[in-house]
Amino acid sequence: MAEWKKYWDEEIETMPRKSLEALQLRLLKDELDFTYQNSLFYQTSFQEAGAMPDSLKTLEDIRKFPYTNKKVERDRQVAVPDLGDMIAVPEEEIVYVSASSGSTGVPTLSPFSAQDFKEFQDAQARLFWAMGMRPCDRYVHALNFTLFVGGPDVIGAQKTGALCIWAGTIPSERLLFIMKEFKPTITWTTPSYAWFLGETAQKEGFDPAKDLSINKIIVAGEPGGSIASTRNAIEKLWDAKVYDFYGLSDIFGANAGVCEEQNGLHLTEDHHLLEVLDPGTLEPVPEGQKGEMVLTTLKKKARPMIRFRTGDIVTATTEPCVCGRTHVRINIHGRIDDMLIITGVNVFPSDIERVVRGMDELTGEYQIVVYREKHLDKFDVEVEKKTETEISDENLSDKLKNNLKSRLGVRPRIKILPDGTLERATHKATRVIDKREKVWAE
Ligand SMILES: [Zn+2]
């Protein structure tokens, strides 16, 4: 077998942190200058905040600059059709635009210049290489090609030299047919879909672990890939390793991804400046503690993103990784908007998922139903018992309740359902049903 190089871009990926931070500072200065000079929106918002690009002396000075978020993005797009005034290049220089399906109606557009797109794909190739994709691999790209920023990531995969199959989102029987006929070794889906697809294969009478050649699965779009119990269950089902990627349509298809060590997602730090802030006080949290991820693009020109509040709760570490890469590693814990506050306790559905998927007696499917009873917020956890499980519903329910109590500090009502009752997700799973009446508007 051929000996491949270890890193896609050794100099950048293994740069000592001091040099990396100096590089970030240089890039950040240029990005802020460029943004201020070329984007009407940022010009106004920097002026209003009294933050001028030349006042930036250290990376921490980024904190003088105002935030952006999904709402700002959407509002600017509505105010100045069609691409908004956050863009910093004339439309003639824009060669690609993706759109994220906003549940509120207006899809937010994400424009790229030719240079942005080239850098985007080089960064994707780096992440694919870091998770182990090599020219001898066959990769089936099963992400949506229609407007979705993850679609073009297949170009990044091709840059690694792997044989790429442009499948897109197709019915699962068809995808399984491709997997049988073309024998790909790597694929990319959401964690729930990887689960669903594996179960579908079993229902069709074959074993994804033995009868298919997939040995690596990239997952993104849901926190499952960072949850050990979910990851282990998918790995067992497929006899494959699971690698979590993190994407943000507003910036790149994938901004961070786990390396072969499978221990946290390396953020491409020559493209992004990371801040982890307490979502309440907006002060930085100490390294290793949970906070909201705020990202600033360091190179993007079509639409720079300055201090973009992602709404994702992460922990981050700059501890050296065994792989030799120096870029910060993040772990995703959920979204701020997913966080449920149940009688004063913060509950993340991903924490419940960890408990449910850690129990062998359960299928791993679950649903959380939140309701209000006598002015108190409560929730039910609905789970499925595996058909072959012998334990009684009552004992199983007690066991789950105790596990949840020790993990989350709450004792929800448990509903044990037969295997196959809950709806299987084909894309992003809806795990939380909130039946509480809204007291105030958003
Ligand atoms: Zn690593």
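Let's start at one end of a sheet: strands β10 and β11 (residues 291-297) run antiparallel and are joined by six bridges. Strands here, like helices, are DSSP runs numbered from the N terminus (E, at least two residues, for strands; H or I, at least four, for helices). Within this pair, Glu 275 stands opposite Val 294 of β11. A word on what you are looking at: the model is predicted, so local features need pLDDT of at least 70 and side-chain atom pairs count only at pLDDT 80 or more, while totals for chains, interfaces and linings use all residues. Residue numbers begin at 1 along each chain as its sequence is written.

Now step back to the whole sheet. It is open and mixed in its pairing, with eleven strands in the order β4-β3-β5-β6-β7-β8-β9-β13-β12-β11-β10; two strands pair if DSSP finds at least two bridges between them. At the edges lie β4 (163-166) and β10 (272-277), each pairing on one side only. From one strand to the next, the twist averages 40°.

Next, the helices. The axes of α7 (residues 172-182) and α8 (residues 191-203) come within 10 Å and cross at roughly 80°. Each axis is a line fitted to C-alpha atoms over the stretch in contact, and angles between N-to-C directions run from 0 to 180 degrees. The two helices, α7 and α8, are therefore roughly perpendicular, a label for angles of 65 to 115 degrees. Ser 172, Leu 175 and Leu 176 of α7 meet Leu 197, Thr 200 and Ala 201 of α8, where contact requires C-beta atoms, placed from the backbone, within 7 Å. By class, this contact has four nonpolar, two polar and no charged residues. Nonpolar covers Ala, Val, Leu, Ile, Met, Phe, Trp, Tyr, Cys and Pro; charged covers Asp, Glu, Lys and Arg; the others, Gly among them, are polar.

The domain assignment gives domain 1 (1-336) and domain 2 (340-434), with bounds from an automatic or database assignment. Their centres, taken over C-alpha atoms, are 30 Å apart. The contact takes 15 residues from domain 1 and 14 residues from domain 2. On the side of domain 1 that touches domain 2, α8, α10 (228-238) and β13 (329-335) each supply at least two residues, and α8 gives the most, with four. That side divides into six nonpolar, eight polar and one charged.

Overall, the protein has twelve helices and 19 strands.

Technical notes: Angles under 35 degrees count as roughly parallel, over 145 as roughly antiparallel, 65 to 115 as roughly perpendicular and the rest as oblique. Two residues are in contact if their C-beta atoms, placed from the backbone, lie within 7 Å.
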